[in-house]
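Subject: Structure handover

Hello,

Here is the structure I promised to pass on. Please open it first, then read my notes below.

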Amino acid sequence: MARTAADVLVDRLIDWGVRVVFGLPGDGINGIMEALRTRQDRIRFVQVRHEESAAFMACGYAKYTGRLGVCLATSGPGAIHLLNGLYDAKMDHAPVLALTGQTYHDLIGTQYQQEVDLLSLFKDVAVYNQMALGAGHVQALVDAGCRAALSHRGVAHITVPVDLQEQEIEDDERSSKKVEGHTSDVWRPPTVVPCENDVRAAAGVLNAGARTVILAGQGAIGAASELEQLADLMGAPIVKPLLGKAAVPDDSPFTTGGIGLLGTEPSEVAMEEADTLLMVGTNFPYMEFYPKHDQCRGVQIDAEPSRLGLRFPISVGLCGDARATMQVLLPHIHRRGNRAFLEKAQAGMTAWRALMRTQAARDDVPMKPQVIAAALNGLLADDAIISTDSGTVTTWVARYVELKRGQLFSCSGNLATMAPGLPYAIAAQIAYPGRQSVAFVGDGGFTMLMGEFATAVKYRLPIKVVIVKNNVLGMIKWEQMVFLGNPEYGVSLEPIDFVKFAEACGAIGFRCERPEEARPALEAMMLAEGPALVEAIVDPFEPPMPARVKAKQALRMAESLARGEPNRGRIALTLFRNKVSDLKGH
Ligand SMILES: Cc1ncc(C[n+]2csc(CCOP(=O)(O)OP(=O)(O)O)c2C)c(N)n1
Ligand SMILES: [Mg+2]
């Protein structure tokens, strides 16, 4: 049988090693769907309930595997739905290929149904953005698109007019210049290492320091050993922006955990007191948490040279892969005799961990959200993959879930969008059927794309979802109060019975409200054979406080209470009780 453009497209994806495509059919991609149907033994199509999820899944798949994630959507509305997930991939540097349909090639530009100018729409999000103009054009586009997404760690978009998907190769007349098969599906990731002179200059800066902090982000994942060797040599604490949570395990003696609003106090102190900063694979945005420019010199390692010197006025920028670059840097670093800076950070962490334990052991009903997050620790498999959403839930995961060596973690770091937690967990389970995949999400984020819970049921993916139910868009409630001094507005959520929802999807759900119910509920969820969830009813008045509350933030909170915050009585009482309980724990 003659091969169509869609056949060429899907065969070429298979050549590139693509084994799964996340998407939702539509009349703009029926040709591609047929090519997928006839190759289902070699490439899996995972049908989602919303195209945004397909893009999140492709992004999560790419983040967790390091391989290309692929999503597919129909012309017009389907393609538009992809965008948020694609921006997530763009901003967190995940290689994703988005495939879309377009209207009939000879109706483009005539205001035909579902015609949206997708090349304009995807222009900003994509590093590669093309429309196929015939069956003979497709293979080269797939080759160039996959290569661009992988090389630039970004989004490639290819759209194919619906009628051309069914065009047979023989029917597409080749131009006089084209030589058949001029592109290739061969790609290897480059290993970039900076030149010797730059490495020496960086070592000079680092060796001259007395108090060095290593800031290790997403780009440093997979280089734990090198990070710890450097930390040991320099007596330097490792501070982890959220996407770098898995860069070194949380129980590493060298780390002070997270940084920023959801970080730890020892990390903040170390950054404040540092005289040298070594940034590795991070673009951590919150500049107020960086050291003061006049008291600290910086060295930055990043695979992408355009990210060097964006957040901190570094003295030396090393363009290179985190692991390879640290390996060439290590022999130049002198062992620092004075360990006082590291020891102070370690003492700070001992106290911080004790504080976290106290907060996670509170017996209030409904339980504090910290209780459910901390209860997860004992139940996570050594190779668990944990995905989370944006909200106060992010704070609870960041601080209370202690990541072990071998576990993976991600969320939407730079776009900080709601809702990827569930799709990421599904993608992780598809990528690693044998591993435990857990999503820890808020009730707001979960409800945005909760149809995907049925997707997990459909494909028998035993994901586990912890829904922190506070019946509010919690993060925004606190932002309105603490940052602006305004009473909360437009943030309450109509409660949903998530246990019933799980059952309605054909899965199972468990509920817990009292602290002593947390572990049994989580255990039951973990033991369930298929997808399962826990609805954890938590205290909506528990604030995700920064590690150190700034005077201005306390003032704004007081203002909001004074200006008629509807829950002011409960909030003031919660803040007061928290202070007392923290003090009791010391
Ligand atoms: C798509 C999107 N819309 C809005 C926001 C703003 N936002 C950030 S966190 C948040 C609240 C999240 O609520 P929920 O999932 O219930 O978690 P909680 O904060 O209550 O723990 C909102 C609305 C966002 N980040 N992304
Ligand atoms: Mg909520």
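**The open sheet**

Six strands form an open sheet in the order β9-β8-β7-β10-β11-β12, and their pairing is parallel. Strands here are DSSP runs (E, at least two residues), helices are DSSP runs too (H or I, at least four residues), and both are numbered from the N terminus. Two strands count as paired if DSSP finds at least two bridges between them. At the edges stand β9 (255-258) and β12 (316-319), each with a single partner strand, so one side of each has no neighbour in the sheet. From one strand to the next, the twist averages 15°.

Strand β7 (residues 212-216) and strand β8 (residues 238-240) run parallel, joined by 2 bridges. Leu215 has Val239 in β8 as its bridge partner. Helix α9 (residues 224-234) packs on the sheet and touches β7, β8 and β10 (276-280). Its direction makes about 170° with that of β7. Helix α10 (residues 265-273) also packs on the sheet, touching β7, β8 and β9. The direction of α10 makes about 110° with that of β9. Contact means C-beta atoms, placed from the backbone, within 7 Å. Axes are lines fitted to C-alpha atoms, for helices over the stretch in contact, and angles run from 0 to 180 degrees between N-to-C directions.

**How to read it**

This is a predicted model: local features need pLDDT of at least 70, side-chain atom pairs count only at pLDDT 80 or more, and totals for chains, interfaces and linings use all residues. Residues are numbered from 1 along each chain as its sequence is written, while chains are lettered from A and ligands numbered from 1 in the order in which they are written.

**Two buried elements**

Strand β15 (residues 437-442) is largely enclosed by the rest of the structure, because 6 of its 6 residues are buried. Buried means 20 or more other C-beta atoms within 10 Å of the residue's own (exposed: 12 or fewer; partly exposed: in between), with C-beta atoms placed from the backbone. Ser437, Ala439 and Val441 point one way from β15, and Val438, Phe440 and Gly442 the other.

β15 runs parallel to strand β13 (residues 385-388), with 4 bridges. Ser387 stands opposite Ala439. β15 also runs parallel to strand β16 (residues 464-469), with 5 bridges. There, Phe440 is partnered by Val466.

Helix α13 (residues 369-376) has 8 of its 8 residues buried, so it too is largely enclosed. Its buried residues pack against several elements, including β15, β16 and α12 (340-360).

Best wishes

Terms used:
Two residues are in contact if their C-beta atoms, placed from the backbone, lie within 7 Å.
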